[in-house]
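Here is a briefing on one protein model, arranged by topic. Have the sequence and the 3D view open side by side.

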Amino acid sequence: MIAPGLPANERERLRALDEYDILDTPEESAYDAFTALAREIAGTDVSLISFVDERRQWFKSHLGLFLRETPREQAFCNHVVAEGRSLIVEDATRDKRFEDNPLVTGEPRIRFYAGVPLTTPDGYNLGTLCVLDSKPKKLDDHQLHVLAQLADVLVGVMEGRRRFLSLFDAANIDLFTIDPADGSILFASRGACKRLGYERKQLIGMPVYDVIPSIQAGEVADIVARARRQQQIVRETELVRSDGSSYPVELRIDMTMDAGEERILAIATDLTQRKEQQREIDLLLGAINVAGDVILVYDAAPDGQLHLSYMNDAYFAQTGYTPAEALGKSLESFRQSMPDDEGMRAVRAAIAAGTATEAEIVSYRKDGTTYWNQVTLHPISDKSGTISHWIAIERDISDVVARTSALAEEHDRLLALTRAARRIFAALDVRSIVATVNDVVHSLLGATGRVLAVHEDGRAVAVSEIGSADWEKAHKDEIAAQSVKLRARIVDEGQSRAVAYGGQFGENAYALEIRVHPAHALRNTDLFVFDLVSEYFAAAARNVALYQELEERRSAVLELNQTKSDLIAMLAHDFRGPLTSIVGFADLVGEVGDANEEQLEFLDTIKRSAMQLSELATDTLTLSRLERNELTLQLGSVDVGELLESIAQQYADRRAVALTLSGDLHVTADLDRLRQVFANLIDNAIKYSPGGGEPKVFAEGRGDEVVVRVVDRGIGIPAGELSRVFDRFSRASNARKMHISGTGFGLFLSKQLVQLHGGTIAVESEEGAGSTFVVALPRQVHRRAAPRTVVVLDPARESSFLEYGLQEAGYRVMGAASLEETLSIADTQPVDVLILNVGESIPSAEAVKFRTLSKERSIPIVAISNATIPRLSPAATLQYPVLIGDVVAALDRLLDPVKP
């Protein structure tokens, strides 16, 4: 093995990894969703989320692999972490770095590996999102690009989780996840581990009652039942440290779901400081004043009423009441006739019971405004044991309540964002992605969301699906136009509308818009969530395009394979008859000796069979070249009348053909291709008239076209099959019943050749009465009727997918690797478009040469690049990597700017 060196910032990297608090945590469905998607994208057996610490490689998610960790020196991911860039190993047995790695020579016998780094916003490489296979494999640029985007989203989820857990630690709140089945600890936050004095590995799997003694083994089932009924479970208890000491906490228990399984969520707030303060306050009850907290003394009247007899200065600062205004008044007068909240009811119950209490209540200032007040109430008894006074210690906790509320809201939003990301990425069609995003915006932000298509002239229109837009309903939208131009999020002055760039799909740019009521301005947290949703949408839109293209490619390959299979089967069947005749009659010739009249007939049969076989092979070759858009017409002046006469003479020994010629029958065409068309039609007229009858051919010159009609009085075509007569391998059912031989692609080939000349072919037929085929040929072949020639220049020769896709779109494609090769192609044949698939850029000197070639020969250039190429002046520029649909759309705009 060849191990990489340590990163230069290894110490800081390990510190950053520790801050994410993710090592040795349980498996989570949110992370398994990323590995499942990565495995789907790459088509591999295994996908992993790995993190590399000082001595090992540890897997947070490991789909398809039973291991949970490996030594660092064996980790492929160690190279990605050290080098900070993606790594692809197509066959590990052929790579010096890994060929003797135990993970290659032994289980799991890694052959293929592809990993992209998980890089924090601060630039530390913590680990990888990687895919593995036990067989050698390759990934294309699109797959690697999508894996890198997926890694960026994963780091965003990790960053949100880190912030979420940091909030708990900063507030001295311990977080535990407990298995309701056996009461074992599944997860403990970093703060909990630190305060308890345990390593996380020690805590995971430990019975919860070893740490929280108040939760007994038999009580877990009762807690689960109460939590399911949404009963609030809050208690003060103690947590036991590893050394046996304990500290007080307020314990809140709830139920949560993880990957469809119930979990007990225990949140413990450290009360150590609060308890210490309480003891100090108890010791200082007789003091005149206490800085900070409000101290009030109430006299307890026999009728149960409480009257204020003492207040410290803090009360004035908190409520605005002066001593003259407050002293002597009853507790009820400070409630300002407002109904009791839950906290105040607890206070009244404690007063009635004569017991101390602590509660959070809503209190009222002198001016009527409210604030959250934490009240601690203690009774003071005289010598007889009768309560004579109540001591109230109050603290304004409005900020704490707000922070707690914000923390809960942030937690809920993070969970909702994870679910939203899964929903958006699962939307793989043009309509559902729009509906899903609008629904997500409403559920997360309570705002109205729309997806806008934005035109380059600044107009925008809301759409219900991506890929199309009704521009007649569009209107000028400066904010949307600026958002697309800057590829950023823009907020209006009133903070009630925001528009964020949502990426490109097809020919259109898209933006996401949210609106809230003017009375509820957008907050920073709202915009943060909106930015994430916009990024999710952009990535999902790209996934939709990739998915559509993959589906199209898959369908095309299946159809091509089926065509080839059908063709081979058909040819094998039809070749058998002619070949049998050739062999049989050749044997007879040898037996009869000198050729007599009968032998000559045998030889004639051999000749006809061989000719039939030759014509079939010719048609097969032509069809193959047509399908690859490789067939070019050798144009010249053709006298259609002379051509028809020669074909009629060719078939004279089988059947007489009546010709009627009129007008000028000269056209500019490919003589050999027209011979195939009319020979096929006349041959069919003879073959499908088994009862005899003379085929008739009428040719007439009409203005700018020549029309040829081939008429027979044969078996005809059933009416229900006329629409399919020109389909590939289509044969009339009555012909099959009569055992008339044929391949079924003669008419299909004839139609393709006629259309290649810019002409048309049609049929009129009646079963049992015969058929008439009508061919109309223009005098001149229009340029656009033939396949357009596209030269794809790619120095790296990575454009096979591009050439294949353009061929399927109907273009004749030629590849080139250099300027010289491009010039050679342009010197020998006409070129319609030059595509430069250069990725990043090309030198200025070469750009000038390409621009000169384009100008002198009128060949437009389409550049596929991520960078602006000075001095090139392309007719169109597409972002690299590119989708086939984008290239075809650009070519259509250049070559056929006006479409019906």
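Two strands pair if DSSP finds at least two bridges between them. Helices (H or I, at least four residues) and strands (E, at least two) are DSSP runs, numbered from the N terminus. The model is predicted: local features need pLDDT of at least 70, side-chain atom pairs count only at pLDDT 80 or more, and totals for chains, interfaces and linings use all residues. Residues are numbered from 1 along each chain as its sequence is written, and side-chain values use heavy atoms, with hydrogens and water left out.

**Strands 23 and 25**

- Strand 23 (residues 636-639) runs antiparallel to strand 25, and four bridges join them.
- Val-638 has Val-667 of strand 25 as its bridge partner.
- Side chains alternate along strand 25 (residues 666-669). Buried means under 20% relative accessible area, exposed over 50%, and partly exposed in between (1.4 Å probe, protein chains only).
- In a regular strand, side chains alternate between the two faces of the sheet.

- Five strands form an open sheet with mixed pairing, in the order 24-26-27-29-28.
- Strand 24 (658-662) and strand 28 (760-766) are at the edges. Each has a single partner strand, so one side of each is left without a neighbour in the sheet.
- On average, neighbouring strands of this sheet are turned by 10 degrees against each other, direction ignored. Axes are lines fitted to C-alpha atoms, for helices over the stretch in contact; angles run from 0 to 180 degrees between N-to-C directions.
- Strand 27 (residues 705-712) pairs with strand 29 (residues 770-778) over eight bridges, in the antiparallel sense. Asp-712 has Ser-771 in strand 29 as its bridge partner.
- Helix 18 (residues 640-650) packs on the sheet and touches strand 24, strand 26 (696-702) and strand 27. Its direction makes about 175 degrees with that of strand 24. Contact means heavy atoms within 4.5 Å.

- Six strands form an open, antiparallel sheet in the order 19-18-17-22-21-20.
- Strand 19 (475-476) and strand 20 (489-491) are the edge strands, and each pairs on one side only.
- Strand 21 (residues 497-505) and strand 22 (residues 508-515) run antiparallel, joined by seven bridges. Ala-498 has Ile-514 of strand 22 as its bridge partner.
- Helix 14 (residues 432-445) lies across strand 17 (448-454) and strand 22, at about 140 degrees to strand 17.
- Helix 15 (residues 478-486) runs at about 50 degrees to strand 21. The strands that helix 15 lies across include strand 18 (459-462) and strand 19.

**Helix 2**

- Helix 2 (residues 29-42) has 14 residues, which should span 20 Å at 1.5 Å a residue; its end C-alpha atoms are 20 Å apart, which agrees. The expected span is 1.5 Å times one less than the number of residues.
- Its buried residues are Ala-30, Tyr-31, Phe-34, Thr-35, Ala-38 and Ala-42.
- Seen down the axis, the buried residues of helix 2 fall within an arc of 145 degrees, so they line one face of the helix. The arc is that of the directions from the helix axis to the C-beta atoms.

**Helix 12**

- Gly-343, Met-344, Val-347, Ala-350 and Ile-351 are the buried residues of helix 12.
- They cover an arc of only 120 degrees around the axis, which puts them on the same side of helix 12.
- The face turned away from that buried side carries the exposed residues Glu-342, Ala-352 and Ala-353.
- The buried residues of helix 12 pack against strand 13 (306-311), strand 14 (357-364), strand 15 and strand 16 (387-396).

**Aromatic pairs**

- The structure holds six aromatic pairs. Rings of Phe, Tyr and Trp (its six-membered ring) pair if their centres lie within 6.5 Å; planes under 30 degrees apart count as stacked, over 60 as edge-to-face and the rest as tilted.
- Tyr-315 and Phe-334 form an edge-to-face pair, 6.2 Å centre to centre with 90 degrees between the planes.
- Tyr-315 counts as buried at 5% relative accessibility, and Phe-334 is buried at 8%.
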